[in-house]
Amino acid sequence: MTIVASASDSASKLAACFSKHRAPPAVMVIFGAAGDLTKRLVVPALYNLTRAGMLPEEFVIIGVDHGSRTTEIWLQGLSEMLRAFAQSGGSGAKLDEQAWSWLTQRMQYLQGEFGEAETFQRLKALMAEQSARIHTENALFYLAVADRFFGPLVEKLGGAGLANQTDRGWRRVVVEKPFGHDFASAKALNAQILKVLSENQVYRIDHFLGKETVQNIMVLRFANGIFEPLWTRDHIDHVQITAAETVGVERRGGFYDRTGALRDMVPNHLFQLLAMIAMEPPVSFDADAVRAKKTELFQAIHTIAPNDAVRGQYGSGIVLGQQVQDYRHAPNVAPDSGTETYVALRIGIDNWRWAGVPIYIRTGKCLTARTTEIAVHFRQAPYALFRDTPVDQLPANILTLRIQPDEGLSISFSAKRPGPEIEIDGVAMDFAYRDYFEPIVAVGYETLIYDCLLGDPTLFQRADTVEAAWRPLQGLLDAWASQPPKDFPNYAAGSAGPPAADALLARDRRAWLPIQGIHTHSAIRPSAERRSTSR
Ligand code: BG6
């Protein structure tokens, strides 16, 4: 993917990010057409792809859901949402009526229960009619539905003969997360799906891989000569991966209370960040070359023991100046809920590159700031040279990859403070995406949907990758299920998480970096000042 600096507006910039080819003709069927995911992400992404000219003329979208509504009413709801989204800056200042009209002319609604075979017969008839009109039998089925429908929907597609690929067209299915709720259920779901589809028809989505900054990790590591030679246990002391959110569970209490932070974020999003940072270099960008390396990495993760894990649940507090109620008072959450909204883990990877290098990960809701970042802490330089100077400690070299919202990268290192004495300050070199590249208006699903249409599964999970990610967590899931937490809530909304998470690192004589949204280098200065104080 290339970013072309001369692109004149956000739509053409988005176009420039893709390979300049329109996707092939296809019928796209969205199950869960009236759901939140379709509204907030799938349709806005299709709209952005339309603006960028990346969808083919011969394109049809059939939205399937159980509610009775007409195509007009369905589109009206989507238009309102998209207009509000555009105004809020999510997709340019105002709705591009031409692009939206181009897309809506290709969209229609089909009412039907997901559990009834008859729905699939009507869908089949409609697809046949549309396929004949646009001269293609290519079809992409997007399962934007609750996870309990994934397996049954695929079976119904198979039963109706809709999953069969022929020379006249491919058939692909996008499966949203969560993919299973533990190792056994992920394995069972894979088995159920793979009875109907072959692996190359299944696109298990993880929207973190739609983020440019996540995709950039591979370029950073493998397109630069300066990082990879240092990317080993000989030079790296530890890695911290943080995905901190300021939002609570909002309207998702029903889903979240039976899921929890560990299942919601770790085997998927955080492990994808881990894979990008820790996998071995693949031999090419070929989907299977990349996915094989990720799978091998997950297979090398030690089983995570309960004493290498901390769980937390937020109590009331103040987040970004707003009073927030405790988790147990959120809608559809049990008043005595034992579900964790925060998790921190100490992960060990048993291979030649990483053995002995702990990877600490943490994620939580209602924390002090929103930030997703990866901080690679390099080993301390030997101190001997500085014994007879006022320097009592050498600042650590930290490479921080800022995934969101302040997208960029910084390297902190030591510099001599000007003056007659040897005094050291921690300083930083910083790269911010916004300084080099025009911002692209995208919701993060554009590349993923486009890749599905092209048939490029590099950014999607393979069956064995998903299972390998659940495996090291299974013991912890079992231990937590059998020992309900006694101290919940154990962190205040708006704080950095439970004190036990600090203790997890203090045990190894390490500390978390502060959680902060926008970087101003202030993170470096105070600690640098502390470290360079004269004796
Ligand atoms: C989702 C989780 O998959 O990712 C949410 O279910 C979480 O709980 C979200 O808030 C985080 O994604 P992002 O892109 O907002 O960081």
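The legends below describe close-up views of a predicted model. Local features are taken where pLDDT is at least 70 and side-chain atom pairs where pLDDT is 80 or more, while totals for chains, interfaces and linings use all residues. Residues are numbered from 1 along each chain as its sequence is written, and side-chain values use heavy atoms, with hydrogens and water left out.

**View A. The shell of residues around the ligand.**

A polar contact is a pair of N or O atoms within 3.5 Å. An N or O atom in the side chain of D264 is 2.5 Å from an oxygen atom of the ligand, the corresponding distance for Q404 is 2.7 Å, and a polar side-chain atom of H207 lies 2.8 Å from a ligand oxygen. The ligand taken alone exposes 390 Å², of which the protein buries 80%, with accessible areas from the Shrake-Rupley method and a 1.4 Å probe.

**View C. Packing of helices α7 and α14.**
Helix α7 (residues 183–196) packs against helix α14 (residues 463–470) at an angle of about 170 degrees, and their axes are 8 Å apart; the axes are lines fitted to C-alpha atoms over the stretch in contact, and angles run from 0 to 180 degrees between N-to-C directions. The two helices are therefore roughly antiparallel, a term used for angles over 145 degrees. The crossing of α7 and α14 is left-handed, in that the near helix is turned anticlockwise from the far one by less than a right angle.

K177 and P178 are joined by a cis peptide bond with omega of about 0 degrees, and P178 belongs to the loop between β5 (171–175) and α7. Another cis peptide bond, with omega of about -10 degrees, joins F488 and P489, and P489 is found in the loop between α15 (474–482) and β18 (491–492). H135, although not a glycine, has a positive phi of about 60 degrees and is placed in the loop between α5 (117–134) and β4 (139–143).

Methods. A polar contact is a pair of N or O atoms within 3.5 Å; within protein, one must be able to donate a hydrogen and the other to accept it, and residues adjacent in sequence count only if both atoms are side-chain atoms. Helices (H or I, at least four residues) and strands (E, at least two) are DSSP runs, numbered from the N terminus. Angles under 35 degrees count as roughly parallel, over 145 as roughly antiparallel, 65 to 115 as roughly perpendicular and the rest as oblique.
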